[in-house]
Amino acid sequence: MGKTLRDTNYLTLFFLLEKPSHPTTPQNSHWRKRKVLKMGSTNPFNDNSLSIFKRIFHLILYFLLSISLICFYFDLFYLTHSPTQLIHSTTIFTYNSSISSSPPSNSSIGKDKTYDYKKSSCDYSNGDWVSEMRGPIYNVTTCGTIKESENCITNGRPDLGYLYWRWKPNECNLPRFEPNTFLKLIKNKHIAFVGDSLARNQLESLLCMLATTSTPNLIYQNGKDNKFRKWHFPSHNANFSLYWSPFLVHGVERTNEGNYYNTMFLDIVNEIWARDIDQLDMIVISTGRWFLLPSIYYENDLVIGSLNCPKHNHTQMDFYGPLRKALRTTLNSIIERKVAKGNKIDVIVKTFSPDHFEGDWDKDGTCSKTKPYRKDEKVLGGMETEIRKIEIEEVESAKVKVKKFEGIKFELLDITKLALLRPDGHPGPYMNYFPFANGVLKYVQSDCVHWCLPGPIDTWNEILLEIIKKWK
């Protein structure tokens, strides 16, 4: 396997250090010799009158001085060169090589002293993306669970700068992901990711991160596009399940061959995942995007309205109310079923992840940016703000409901703002294998919703780990 970007940079640095700044000529050599003699000094390597002790002392002194100069050069180089500059200077050598630095050492666990989980918490939702030379902890050769349409590097994406940014919260530090720590905390547990394709995207990211320590076994798959799957980590007897349920509640999805609209029963939880709730120790929920599509809504088996269904004589509604009702039905169902049997469960609701289409998604919309937005450069739109508000309020309401019960916890995984600032992290046209191999086509479908693996979505799982660490 080829050298990493960082390895190449080190080789370049050592080449620069070893290369003399000016050619050595007899005249230069003679001048230096005369200069030393004029100062009344002698060369410690040629003076036979010195004792062995003095020779050794001078050797050590010269060695330490050389090491100090090298260290200073490295510090100065990294302070004056951004990761993006270094990446651009070495991309030609590393495109087909490993894109990952080595996994972090276990010895770093617990070394972050920025804040104490027992005394305070951190708001991870506000911050900025800062450049960082360390790449992701996994790459396309070390992870076998990356979906083809999210395998951006294998599909020919030429720019690699999107891999070298790290989320820096305003209030504290977000530690680098520790796969061993995560696996130890969920030992003998069953975690389910429930919801839409971003639930799948996040789980596949997490599996890649954990696979740097322990290999997962796929023990079950079913449904179109493998929308129901289960993995097992024998090393820690931990299970991860994926449940496709974009509405969370019972419903019928629209299809290209059938109805152009979704049908949702807002007061009935989807039993496809809810019937297995007794087997689950943690649920990570992701929903929202399917609510933007044309839909007909039911409650008590009666139509209460529809969204963008002009062919039907229903009351026109926006999707905010139905989204709130579906999420409330879901969280209430979890509470009722777990409380009835006295079982424990942890529930995490991921907030809405904005897309970055420049234009309409179904009309040549693209996402061509190659760098993150700065935090003051982009603000949430009204729709994203309202969806996030609904998710926050429903989670807070659920927390109040379970205060008197032991062992049921709710938390928000608030990624909306940090996701908004990463227009560069989507597959774009590289959802397809080498889309421009035959030249620039008139129309190429772009994916500006899901995230490249590795990519910014790995940060979601770093925050997920911090939530679990705080709970434990």
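This is a predicted model: local features need pLDDT of at least 70, side-chain atom pairs count only at pLDDT 80 or more; totals for chains, interfaces and linings use all residues.
1. By the rule applied here, the count of salt bridges comes to 23. One of them joins D128 to R374, with the closest N and O atoms 3.1 Å apart. D128 belongs to strand β1 (residues 127-131), whereas R374 lies in the loop between β12 (345-350) and α9 (382-401), so this pair ties together parts that are 246 residues apart in sequence.

2. K399 takes part in salt bridges with E396 and with E411. In the bridge between K399 and E396, the closest N and O atoms are 3.4 Å apart. These two residues are three residues apart in helix α9, so about one helical turn separates them. With a relative accessibility of 23%, K399 counts as partly exposed, and E396, at 39%, counts as partly exposed also.

3. The second bridge of K399, to E411, likewise has its closest N and O atoms 3.4 Å apart. This pair links distant parts of the chain, with K399 in helix α9 and E411 in strand β13 (residues 408-413), 12 residues apart. E411 has a relative accessible area of 15%, so this residue is buried. Elsewhere, E150, R200, E204 and R229 are linked in a network of salt bridges.

4. Why can strand β6 (residues 238-244) be described as largely enclosed by the rest of the structure? The reason is that seven of its seven residues are buried. The burial applies to both faces of β6: A238, F240, L242 and W244 are buried on one side, and N239, S241 and Y243 are buried on the other.

5. Which strands pair with β6, and in what sense? Strand β3 (residues 190-195) pairs with β6 in the parallel sense over six bridges. Within this pairing, F240 of β6 is the bridge partner of I191. Strand β5 (residues 228-233) is joined to β6 by six bridges, and these two strands run antiparallel. Here S241 of β6 is the bridge partner of K230. The hairpin of β5 and β6 has four residues between the strands, and N237 takes a positive phi near 50°.

6. In soluble globular proteins, nonpolar side chains tend to be buried together. In this model the largest nonpolar core has 49 residues, and F182, F193 and F240 are those with the most contacts inside this core. The element that gives the most to this core is helix α6 (residues 197-210), with eight residues. Leaving aside neighbours within four places in sequence, F182 is in contact with F177, I191, L206, L210, F240, L464, L465 and I468. Apart from this core lies another, of 39 residues, with W244, F247, I283 and L412 among them.

7. A search of the whole structure finds 13 aromatic pairs. One of these is the tilted pair of F177 and F182, with 5.7 Å centre to centre and 35° between the planes. Both F177 and F182 are buried. Another pair, Y430 and F436, is edge-to-face, with 6.0 Å centre to centre and 80° between the planes. Y430 has a relative accessible area of 15% and is buried, whereas F436, at 34%, is partly exposed. F177 and F182 also belong, with F233 and F240, to one aromatic cluster.

8. Charged side chains are also placed over aromatic rings. R157 lies over the face of Y162, at 3.9 Å from the ring centre. The charged end of K409 sits over the ring of W471, 5.4 Å from its centre.

Key:
Residues are numbered from 1 along each chain as its sequence is written. Side-chain values use heavy atoms; hydrogens and water are left out. Buried means under 20% relative accessible area, exposed over 50%, partly exposed in between (1.4 Å probe, protein chains only). Two strands pair if DSSP finds at least two bridges between them. Rings of Phe, Tyr and Trp (its six-membered ring) pair if their centres lie within 6.5 Å; planes under 30 degrees apart count as stacked, over 60 as edge-to-face and the rest as tilted. A charge sits over a ring if NZ of Lys or CZ of Arg is within 6 Å of the ring centre and within 35 degrees of the ring normal. A nonpolar core is a set of buried Ala, Val, Leu, Ile, Met, Phe, Trp, Tyr and Cys residues joined through side-chain atoms within 4.5 Å. Contact means heavy atoms within 4.5 Å. A salt bridge is a side-chain nitrogen of Lys or Arg within 4 Å of a carboxyl oxygen of Asp or Glu.
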